[in-house]
Amino acid sequence: MATHKQLRNESDFDQLPNDVPISAIIADIAEKKGFIDYYLFVIEVKTKGSGKYLICRRYREFFNLHQALELQYSPEDPNRPSPNTCTLPTLPGKVFLGNKQEIAEGRIPELNTYMKTLLSLPTHVLLGDIIRMFFYQTEQDSHYKPTALRRLRPPTRKVKTAEPKMDLFASPRAEVLFNFSGNGKLELTMKSGEVVFLLRRVNADWLEGTVGDRTGIFPESFVKIIKPLPVIGSDGEGGGASEAGSYSCLRCYLLTPDGTDTRDVCVQEDITTQPSYQDLLLRMRNVFKVNDISLNYRDHEGDLIRILDNEDVQLMIKEGRGRWGQLNRPTNQFPWELHVTLASDFSVYNNDI
């Protein structure tokens, strides 16, 4: 505790409530396969009252935090600071090109320094809503289950252990009937004739499984079930299945003069998530392998409405949630659907006035 007191005078430190964060360090990074793939920083936060918990934050959340702090606490004239302003630490800048994992790893030392300096700012800043909300452990944070936390674990000697033998013929499995080329890292690429070992059911149409050292999701229609997954009872037990809510599925359609191509896109996002317009556009280009496209949704009358920005995405989600009870959908399917059209095709819209 003395170390943290050295960052501010003792009287200021004693004024802090016990639940105020006084230190934060990045314990690891975790890949998130959402509408776009990105990395989360897993942060261990310690409070004045000796509490300790984990939170997960993207770089974009650090960036938004810093912008809010600048707006609230940066002096208009750096040469004439006021009692309610302060000098903020420097946040590492955005990086637009490069390997996402390497970028995330490279940011860790600078972000650790940023948080250390942030938590040594004057008491009125530390007690403000901006910092308190950033370091607050949300319900989603509390559900995060760390697998490594590499930077918090002491170095240990590797001990050779005998791997348990698995009875492959007792495992749920299927034979691949048709070649399947997965879109992105989430989906499992398979070849006809391969045997895929089943892990769990994602929804009515998709399964998760393993071929060799590769794991991912795939449509059930591409395989022939040899031994099915155990049926999970209403109590949620059976077969050691993963959490049913770890994937959410978005139904999307590509509308062209030749017909309609329907896809279920599965992501590691909660169905309450509101993606950005840009994230959706990039994901749909990748799914349908077409660049010059427009995003749309259907209103309550069934007419297509073109999406142009984040506000339109918000309207689409509001429209979908309003009709949630009227449609029979799986619990892990988004309440809204995307209709993708060619950007130059205006014939799909109702032009009646």
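Visitor: What share of the 353 residues in the protein chain is buried?

Guide: Buried residues, meaning those under 20% relative accessible area with a 1.4 Å probe and protein chains only (exposed is over 50%, partly exposed in between), make up 41% of the 353 residues. This is a predicted model, in which local features need pLDDT of at least 70 and side-chain atom pairs count only at pLDDT 80 or more, while totals for chains, interfaces and linings use all residues. Residues are numbered from 1 along each chain as its sequence is written, and side-chain values use heavy atoms, with hydrogens and water left out.

Visitor: And how many helices and strands does the protein chain have?

Guide: The chain has nine helices and 13 strands, taken as DSSP runs numbered from the N terminus, with helices being H or I of at least four residues and strands being E of at least two.

Visitor: Let's take a sheet. What is the strand order in the open sheet of three strands?

Guide: The order is 1-2-3, with antiparallel pairing, where two strands pair if DSSP finds at least two bridges between them. Strand 1 (21–33) and strand 3 (52–57) are the edge strands, each pairing on one side only, and the twist averages 25° from one strand to the next.

Visitor: Which helix packs on that sheet, touching strand 2 and strand 3?

Guide: Helix 3 (residues 59–73) does, and its direction makes about 95° with that of strand 3; axes here are lines fitted to C-alpha atoms, for helices over the stretch in contact, and angles run from 0 to 180 degrees between N-to-C directions. Helix 4 (residues 100–118) lies across strand 1 and strand 2, running at about 170° to strand 1.

Visitor: How many bridges join strand 1 to strand 2?

Guide: Eleven bridges join strand 1 to strand 2 (residues 37–47), and the two run antiparallel; within strand 2, V42 stands opposite D28.

Visitor: Which residue in the turn between strand 6 and strand 7 has a positive phi?

Guide: G212 has one, of about 65°, in a hairpin with two residues between the strands. Strand 6 (residues 206–211) and strand 7 (residues 214–219) pair over six bridges, and V211 stands opposite R214.

Visitor: Last one, is L304 buried or exposed?

Guide: L304 is buried, with a relative accessible area of 7%, and its place is in strand 12 (residues 304–307). Leaving aside neighbours within four places in sequence, L304 is in contact (heavy atoms within 4.5 Å) with residues including L255, Y297, H339 and V348. The C-alpha atoms of L304 and V348 are separated by 7.2 Å, although the two residues are 44 apart along the chain.
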